[in-house]
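Hi,

Here is the structure we talked about. Please open it first, then read my notes below.

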Amino acid sequence: MPGLRRQGKSTKNPSFMSHEFIIQNHADAVSCVMMVFVIGLMFQATAPYASVFVAMQHQQNTTMEDGASVMSNMYSYGWKDIFTTVFYFMLCIVVHAVLQEYVLDKIVGKKEGKLNRRMHLSKIKHSKFNESGQLMVFYLTSVIWGTSIIMSEDYISSISDLWHGYPEMHGKLPFMVKFFFIIQMSYWLHGFPELYFMKIKRDEMPPRIQYTTLYLIFITAAYLLNFNRLAICILVLHYAVEFIFHAARLLYFADKTEIANTGFMVWNVLFVLVRLVSITLAVLTFWFGLPKTSQTGIIFKDGNFNTAFIRINCLVACCLIQAFMMWRYITFHLKRLRERTAAAATTSSKSKIITTPSKKSNKDKKNKRTKEDDISLLPEADQNTLSDSGLRARSKRK
């Protein structure tokens with residue numbers, strides 16, 4: 001059962017409903033809650049209520065030529081998506097626990113709350129290893145899934161497809177597109193309770209809360225404003241680069257330094273390129289494409305948010321988040337450069353300290369040899385006198 005053995009520090013069972021008990025058994029408890037909704041689908045009386053949590057909601061109707069209305073394969077968004085997001089939020093918690101216990105802990109060598117010597121990781125590195133392992137799997141899955149959607153829906157046949165047909169064609173979401181956004185919001189939402197379940201330290205929480213909140217805000221905004229095509233394209237590009245970074249970090253923790261350095265070099269190049277491409281796509285969509293069909297006001301019934309105020313704010317938000325990531329990227333590399341310079345200065349100073357005694361010893365040896373040469377130049381009687389005085393001094397010391 002996931003979560004039962006993963007976090008335990010001892011073989012003793014913790015007290016009921018204590019913090020340790022909740023952390024150890026949170027995945028099992030969430031699994032039981034999910035089973036209630038799944039079992040509810042089997043009975044006619046509870047199926048309508050359970051389906052609100054499990055199935056995609058707000059399926060649109062299509063009017064036929066004879067006036068009949070039939071259900072189509074297209075969806076929109078609405079308030080019932082909250083219940084669906086809650087269900088898949090719980091699913092993400094369970095998947096996180098299973099991946100942690102049966103994959104990451106096995107790689108590190110963690111058993112019954114203790115680490116063996118398979119990988120020599122400190123507590124901080126172990127926490128980063130778990131973070132990168134979880135994110136790498138999510139990023140890879142999202143890249144494959146998002147690429148499949150882009151190819152199947154033909155979003156990139158022309159750059160104008162990013163804004164063409166807004167909002168009529170953008171407000172009608174295929175099943176896979178809607179499911180993709182529900183999973184994205186559920187995953188980043190589950191990151192907040194995982195800070196407690198994974199026992200993340202206080203000093204490690206701020207950066208995780210920061211990027212989790214930013215992901216959740218931007219993905220939710222794109223979903224509600226019907227800018228889903230642009231969002232999918234930017235997410236696929238960004239997730240692909242982040243996957244390379246976390247894969248390289250895992251290789252670094254596994255002592256595969258050469259391969260990890262190559263991965264970091266690839267990430268350094270692609271990170272900058274993806275920032276430029278993301279800003280370019282945002283400018284083309286919000287500054288050149290959507291203004292052609294701009295409206296004076298928001299039309300909630302049609303899902304039309306194509307107003308100058310919203311477009312400018314969305315463009316500014318996209319540019320600011322890309323600039324923020326570039327600023328973090330530059331400060332990170334400047335910090336690494338300062339650390340390397342300081343380390344090189346420390347190494348050179350240590351080498352000077354080590355070489356100084358050797359020079360002094362060589363000088364003493366040279367003075368000794370010079371003194372012996374001076375003695376050898378004296379007459380034989382004086383040499384005997386010096387040697388006799390040396391013998392007397394030694395005998396007195398004895």
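**Helix packing and a kink**

Helices α4 and α5 are roughly antiparallel to each other (angles over 145 degrees count as roughly antiparallel, under 35 as roughly parallel, 65 to 115 as roughly perpendicular and the rest as oblique). This is a predicted model, where local features need pLDDT of at least 70, side-chain atom pairs count only at pLDDT 80 or more, and totals for chains, interfaces and linings use all residues. Residues are numbered from 1 along each chain as its sequence is written, and side-chain values use heavy atoms, with hydrogens and water left out.

The axes of α4 and α5 (residues 175-197) cross at roughly 160° and come within 11 Å. Axes are lines fitted to C-alpha atoms, for helices over the stretch in contact, with angles from 0 to 180 degrees between N-to-C directions. Helices are DSSP runs (H or I, at least four residues), numbered from the N terminus.

Now α6. Helix α4 (residues 123-153) and helix α6 (residues 205-224) come within 14 Å and cross at roughly 15°. The pair is therefore roughly parallel. Residues of α4 that meet α6 include Leu 135 and Tyr 139; contact means heavy atoms within 4.5 Å.

Last, α3. Helix α3 (residues 81-108) has 28 residues and spans 38 Å from its first C-alpha to its last, close to the 40 Å expected at 1.5 Å a residue. The expected span is 1.5 Å times one less than the number of residues. A kink of about 40° is centred on Gln 100 (the bend is the angle between axes fitted to the seven residues ending there and the seven starting there). Just after α3, Gly 109 has a positive phi of about 100°.

Best wishes

Methods:
Helix = DSSP H or I, 4+ residues; strand = E, 2+ residues; numbered from the N terminus.
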